[in-house]
Amino acid sequence: MSSPIASTRFSFLDRSRTREGHDGPQALRDTVVLAREVESLGYHRFWVSEHHSVPGVAGSAPTVLAAAVAAATSAIRVGTGGVMLPNHQPLVVAEQFGVLASLFPGRIDMGLGRSVGFTDGVRRALGHGKEDAEDFPGRLAELLGWIDGTQQAHPQVHARPAEGLRIPAYVLAIGEGAAVAAAAGLPLVIGDLRGREKVLRAIEVYRRDFRPSARAERPEVIISGTVAVAGSAEAARRLLVPEAWAMAYARTHGSFPPLAPAEEIERRTMTAKERELYERGLDGHIHGTEEQVTEQLERAIEETGADEVLVTTSTYDREALVDSLRRLAGIAGLRH
């Protein structure tokens, strides 16, 4: 009996996290360099994210960054994980992806999310509020209409050069977005894999309610989460340490710090609350040796029926990250 991994695509999402000694501009350049590495290893896609006024995260303009990534690579699919549609006018999003798809035909993915700014101040600066997130289905329909040439709300207005192009669209979801993806007949990108029961419930709703469309005849599920592979379980766990500490710090201090080296974090004195959040942040991720990760991935793919795994690992040590991706490519049988 063949492993489910063999028939599953593998991709990577980079959040352009800053690191101690490496500022925001360097983080963006690091993203482009990493994209070349990911392409050379045979991964299917390389996606970038959108965050506004988040310390520790440099990626604020995903379509701009996607253009840089696509220009620096030659074959890998490039996209957004995602453009947060409530923050933007659908016409502008359609135009931006139309430009990308025109410059890099057949390689651009349009991943779309429903999040708005994390704070009231960011939302005010963006000119959008939580009510815009609640209208995500309407904004999504408008965006797709601009690309398909079917929108009727603004007669005589056209999204050029997007109109008429085939630009694959994906809906990013944690839970409730699954129903939106199903109603629109679009592929679903869902995570985090640590909340497996919640993810499985959302996938069940998505598959049950999916309506075939011109963009997708059947449900398609991409599961996302951290995957760390190393020569030992302890080395793989250390890959998780920088992000686990950053999340613990953010939840106790209100802002993300740059990623720090694992050994520095492990020497720190933490408060009881910080320690609790930090330890929790290390739990549940897919990590370990090749043999251990193979077993964990097989279980995740079998439980979710996923068509693809979108790896979202962030860590301080970029060499160790590339080594992890190389080992994962070996597990998945990717070309490299």
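The following questions and answers explain the terms applied to this predicted model.

This is a predicted model in which local features need pLDDT of at least 70 and side-chain atom pairs count only at pLDDT 80 or more, while totals for chains, interfaces and linings use all residues. Residues are numbered from 1 along each chain as its sequence is written, and side-chain values use heavy atoms, with hydrogens and water left out.

Q: Why is F10 called buried?
A: Buried means under 20% relative accessible area, exposed means over 50%, and partly exposed lies in between (1.4 Å probe, protein chains only). The value for F10 is 1% relative accessibility, so F10 counts as buried.

Q: Where does F10 lie, and with what is F10 in contact?
A: F10 lies in strand β1 (residues 9-14); helices (H or I, at least four residues) and strands (E, at least two) are DSSP runs, numbered from the N terminus. Contact means heavy atoms within 4.5 Å. Leaving aside neighbours within four places in sequence, F10 is in contact with residues including Y43, R45, L297, L328 and L334.

Q: What makes a set of residues a nonpolar core, and which members of the largest one touch the most others?
A: A nonpolar core is a set of buried Ala, Val, Leu, Ile, Met, Phe, Trp, Tyr and Cys residues joined through side-chain atoms within 4.5 Å. The largest such core has 74 residues, of which F10, Y43, F46, M110, I223 and L325 touch the most other members. Helix α13 (residues 318-332) gives the most to this core, with 7 residues. A second, separate core has 14 residues, among them A228, W245, A248 and L282.

Q: With which residues is Y43 in contact, leaving aside its neighbours within four places in sequence?
A: The partners of Y43 are F10, S11, V38, I76, L325, L328, A329 and L334.

Q: Why are α9 and α11 called oblique to each other?
A: Axes are lines fitted to C-alpha atoms, for helices over the stretch in contact, and angles run from 0 to 180 degrees between N-to-C directions. Angles under 35 degrees count as roughly parallel, over 145 as roughly antiparallel, 65 to 115 as roughly perpendicular and the rest as oblique. The axes of α9 (residues 233-253) and α11 (residues 272-282) come within 8 Å and cross at roughly 135 degrees. The two helices are therefore oblique to each other.

Q: Which handedness does the crossing of α9 and α11 have?
A: A crossing is left-handed if the near helix is turned anticlockwise from the far one by less than a right angle, and right-handed if clockwise. The crossing of α9 with α11 is right-handed.

Q: How many residues of each class does the contact of α9 with α11 have?
A: Ala, Val, Leu, Ile, Met, Phe, Trp, Tyr, Cys and Pro count as nonpolar, Asp, Glu, Lys and Arg as charged, and the others, Gly among them, as polar. Residues of α9 including L240, A244 and W245 meet residues of α11 including L277, Y278 and L282. The contact has 8 nonpolar, 3 polar and 5 charged residues.

Q: What makes α3 oblique to α6?
A: The axes of α3 (residues 90-103) and α6 (residues 136-148) come within 9 Å and cross at roughly 45 degrees. That angle makes α3 oblique to α6. In the contact, P90, L91, V93 and A94 of α3 meet R139, E142, L143, W146 and I147 of α6. These residues divide into 7 nonpolar, no polar and 2 charged.

Q: Why is α1 called oblique to α2?
A: Helix α1 (residues 24-40) packs on helix α2 (residues 62-72) at an angle of about 40 degrees, with the axes 9 Å apart. That angle makes α1 oblique to α2. Their crossing is right-handed.

Q: Is S16 buried or exposed?
A: S16 has a relative accessible area of 1%, so S16 is buried. This residue, in the loop between β1 and α1, has a phi near 55 degrees, a positive value in a residue other than glycine.

Q: Why does Q156 count as exposed?
A: The relative accessibility of Q156 is 77%, so Q156 counts as exposed. Q156 is found in the loop between α6 and β6 and has a positive phi of about 75 degrees although it is not a glycine.
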